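These are my notes from going through the model. I looked up one item at a time and wrote down what I found.

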Amino acid sequence: MQSSVNEMTQPLQRPQATPVSWFAFATTHRASIAGLAVLAFPLVMPFTALAANILIYGLYALGFNLVYGYLGLLSFGHAALFGTGAYLCGIAIVHFGLPWYVAIVLGICGGLVMAAAIGALAIRTRGIYFAMVTMALSQCVYYLFYEAVGWTGGENGLRGINVREIDLFGLKLDFINPLIRYYVIAAFVIAAFFVLSRILASPFGAVIEAVRENEARARASGYDVTATRLITFILSGGFCGLAGALQALHWSIVPIEILHYDTSGIVVMIALLGGMGTFFGPMIGAAVFLLLENIVSLWTEHWQLVVGAIFMICVLFFPAGIWGTLIRRAKHD
Amino acid sequence: MARSITAFGSISRRRLLTTVSAGAALAASTFRINLVQAEEATIKIGFPVPLTGPYGTEAQDQVRAAQLAIAEFNDGGGLNGRKAELLVRDDKLNPGEAATRTLELVEKDKVNFVVGSLSAAVQLAINNVTKERGVIFNSISQSDAINEAADFSKYTFHEALNPHMTAGAVGRYAFPKFGKKVAFLTADYAYGHEMVRGFLDVGKTFGIENLGDIRHPLGTTDYSTLLPRIQSLKPDILCISNFGRDQQIALKQATDFGVKKTTQIIAPLLSHASRVAAGPQAFEGVIGGCSFYWGLEEKFASTKAFNDAFRKMYDGKLPSDYGALGYGGVRTVLAAVKNAGSTDTDRVIAALEALKYDFYKGPQYYRQCDHQSVQSVLVIKSKSKDLRNESDVFEIIGADEPSEANLRSCEELGHKA
């Protein structure tokens with residue numbers, strides 16, 4: 001189990017027999033290949049706004065997967081990180097009239113700071129307790145933003161995050177155009193791929209997995225387990241904050257539902273569906289999840305029934321997630 | 001040679017027969033009409049409503065009534081032969097989903113107009129997406145915020161009532177009749193807060209005494225700790241400002257606690273679907289407001305015509321309050337298209353602003369500054385006896401006539417005069 005899901009996470013492998021060399025190549029260049037896939041993605045989607053949603057949720061799940069898949073902690077409060085990023089980006093534009101790039105940076109910082117605050121309180125617990133503490137804290141964040149009506153619009157949500165044009169070193173891009181909006185979002189997501197890939201390939205990345213594999217052994221080897229956990233959680237917050245900021249720009253609103261525990265639950269679902277602890281799995285999970293929901297709900301009002309059945313089939317036949325199982329197969333071929 | 005002629009002749013005859021019969025069948029069927037019209041671009045109206053979720057019943061009624069408005073427009077020849085089409089999307093009562101669906105409707109389906117929504121937050125989300133892209137949006141659910149200058153744009157129209165009008169009408173009816181000591185039981189979210197604000201505003205004129213506002217979270221199923229607190233306040237009137245299932249349960253438990261013996265219960269909005277679902281006992285004697293009730297047909301020919309058309313299309317069923325809004329929202333836009341003679345956005349906006357209409361509930365028009373539909377608000381009382389049919393659940397006991405005096409003023413909303 002462990003060796004199979006880790007395959008994509010270990011770019012530096014002992015040279016293997018020639019039949020799997022393409023696999024090693026793909027693993028080394030995972031960020032570039034993922035980036036290419038993202039660029040071609042809108043061509044195969046029913047509509048661009050959905051493709052952008054999938055990217056954003058994929059990025060959110062990517063950040064979540066860092067904690068869940070690589071560090072081995074199940075967080076049930078990631079909506080707080082995602083939502084804080086979205087709200088900070090939105091508030092920066094609506095209330096302070098700041099440029100879009102400053103708003104995105106503020107969104108990332110929001111995710112980082114919120115993760116530091118929640119992480120500092122929750123990181124000492126583990127297992128089901130960690131899940132419960134993070135969920136409780138994210139509910140606190142929900143009510144904080146819910147009550148701050150003057151800043152967040154409360155129940156009605158934050159409206160007016162209207163960016164019509166993106167000024168890029170003199171190049172003016174029409175942000176209302178769906179394809180341009182998609183590729184601007186994609187640029188940030190691809191950058192995040194490279195950053196994440198770098199983190200995982202670094203010595204620190206190896207420590208993250210060492211902590212997951214055997215905490216006592218990692219500690220005995222001289223690593224500070226608590227600090228590793230906290231730093232990983234904060235990094236995860238940065239990715240989720242970026243995803244939230246992009247979501248705010250894409251929708252031009254931030255609904256209070258973004259902080260609801262449903263949003264925390266969906267990301268667990270997406271990571272499991274795609275394959276926890278795999279690099280590209282969360283993107284696949286987001287694509288399958290949102291696409292299914294979208295297509296089936298056009299077709300019947302009882303879409304939840306159909307989608308639920310398909311999830312059960314996935315759990316039965318893809319125990320390591322869709323991407324995780326494919327990788328396992330590729331490795332054994 | 002002869003054989004080939006025979007063969008040629010037989011094919012020719014067969015082909016001739018096929019062509020003639022197909023042509024005849026085509027000429028006889030209504031399909032032909034569709035084929036001819038498909039060549040012209042249809043007028044597309046996006047219709048995001050929460051088909052799944054707690055307001056699914058209301059939303060499905062909205063779709064049925066909107067389809068009726070489309071059918072009537074098409075049967076009437078459309079816009080010089082151009083037909084209209086309704087693109088229904090499920091917004092799942094979620095503003096984010098609604099924003100995505102609206103982006104789909106505008107960017108991919110290239111709809112001419114958007115009508116729909118059944119929640120304050122959802123309509124504000126749709127409105128933000130459509131106004132940025134210069135697409136007309138006619139909202140058919142209640143909100144006070146959508147009238148305010150911050151959210152308004154020239155593309156924004158509001159066919160539904162808003163909490164200020166609804167609570168105002170019920171307050172004006174109830175406060176002089178039942179007493180001045182008023183207690184509130186309120187769902188703790190925007191809709192509830194806006195309703196209470198409306199009641200307190202109108203209450204000032206009548207000098208009511210606010211005994212207290214007891215709030216409950218959305219989705220409360222047990223009011224047994226709240227109701228004795230209300231009873232100990234000894235109010236003349238209890239305002240219950242919640243919606244859907246919360247309203248059904250609160251009214252049922254209030255009845256069981258005997259609140260009705262000493263206190264008149266009023267609600268800003270009595271939902272037809274809730275009343276049908278909860279049954280007559282829980283709602284007995286409760287007074288509230290609504291935008292439409294089919295019983296108006298005794299008063300207005302337009303209501304009679306709407307009811308009859310709806311009955312005919314849907315096996316004798318009668319339209320509900322929210323259904324009527326779906327009809328009104330689509331029909332006004334299509335009427336404006338016809339008056340403007342085009343689907344050009346600016347010309348349709350001008351036509352909507354100029355529209356004086358009576359389509360289903362008596363005279364209405366859109367106010368210039370905030371595009372709020374100025375219309376009557378009905379005050380209704382739930383009844384449990386002498387029910388003529390399964391939809392006969394309310395009696396109309398009063399009405400606020402359409403008047404801008406019952407709306408918040410343009411200055412108050414932040415619009416420049």
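I started with strand 6 (residues 181-187) and strand 7 (residues 209-216) of chain B, which pair in the parallel sense over 7 bridges. By my terms, helices (H or I, at least four residues) and strands (E, at least two) are DSSP runs numbered from the N terminus, and two strands pair if DSSP finds at least two bridges between them. L185(B) stands opposite I214(B) in strand 7 of chain B. Between strand 6 and strand 7 of chain B the chain passes through helix 7 (residues 190-206) of chain B, and this β-α-β crossover is right-handed. I call a crossover right-handed if, with the strands pointing away from the viewer, the path from the first strand over the helix to the second runs clockwise.

Before going on I noted the ground rules. The model is predicted: local features need pLDDT of at least 70, side-chain atom pairs count only at pLDDT 80 or more, and totals for chains, interfaces and linings use all residues. Residues are numbered from 1 along each chain as its sequence is written, while chains are lettered from A and ligands numbered from 1 in the order in which they are written.

Next I followed the sheet. It is an open sheet of 7 strands in chain B, with the order 7-6-8-9-10-14-15 and mixed pairing. Its edge strands are strand 7 and strand 15 (394-400) of chain B, each pairing on one side only. The twist averages 25 degrees from one strand to the next; angles run from 0 to 180 degrees between N-to-C directions, and axes are lines fitted to C-alpha atoms, for helices over the stretch in contact. Strand 8 (residues 237-241) and strand 9 (residues 264-269) of chain B run parallel and are joined by 3 bridges. L238(B) has I265(B) in strand 9 of chain B as its bridge partner.

I then checked which helices pack on this sheet. Helix 6 (residues 163-178) of chain B touches strand 8, strand 9, strand 10 (287-290), strand 14 (377-382) and strand 15 of chain B, and its direction makes about 160 degrees with that of strand 9 of chain B. Helix 7 of chain B touches strand 6, strand 7, strand 8 and strand 9 of chain B, at about 165 degrees to the direction of strand 6 of chain B. For contacts I use C-beta atoms, placed from the backbone, that lie within 7 Å.

Another open sheet in chain B has 3 strands in the order 11-12-13, with antiparallel pairing. Strand 11 (356-357) and strand 13 (373-374) of chain B stand at the edges with a single partner strand each, so one side of each has no neighbour in the sheet. Strand 11 and strand 12 (residues 364-366) of chain B pair over 2 bridges, and Y357(B) stands opposite Q364(B).

My burial count takes other C-beta atoms, placed from the backbone, within 10 Å of a residue's own: 20 or more is buried, 12 or fewer exposed, and in between partly exposed.

- K92(B) lies in the loop between strand 2 and helix 4 of chain B. K92(B) has a positive phi of about 55 degrees although it is not a glycine, and counts as buried with 23 C-beta neighbours.
- K234(B) lies in the loop between helix 8 (227-232) and strand 8 of chain B. Phi of K234(B) is also positive, near 50 degrees, but K234(B) counts as exposed with 11 C-beta neighbours.
- G78(B) lies in the loop between helix 3 (56-75) and strand 2 (84-90) of chain B. With 19 C-beta neighbours, G78(B) counts as partly exposed.

For chain B as a whole I noted 15 helices and 15 strands. Its C-alpha trace spans about 110 × 50 × 40 Å along the principal axes. Buried residues make up 48% of its 417 residues.

How many residues of chain B are in contact with chain A? I found 24, against 22 residues of chain A. Helix 4 (95-108) and helix 5 (120-132) of chain B are the elements that give two or more residues to this side of chain B. Helix 4 of chain B gives the largest share, 8 residues.

Last, I turned to chain A. Helix 4 (residues 48-70) and helix 13 (residues 261-274) of chain A pack at about 80 degrees, with their axes 9 Å apart. That makes the two helices of chain A roughly perpendicular, a label I use for angles of 65 to 115 degrees. The contact residues include Y57(A) and F64(A) of helix 4 of chain A and V267(A) of helix 13 of chain A.

Technical notes:
Two residues are in contact if their C-beta atoms, placed from the backbone, lie within 7 Å. Angles under 35 degrees count as roughly parallel, over 145 as roughly antiparallel, 65 to 115 as roughly perpendicular and the rest as oblique.
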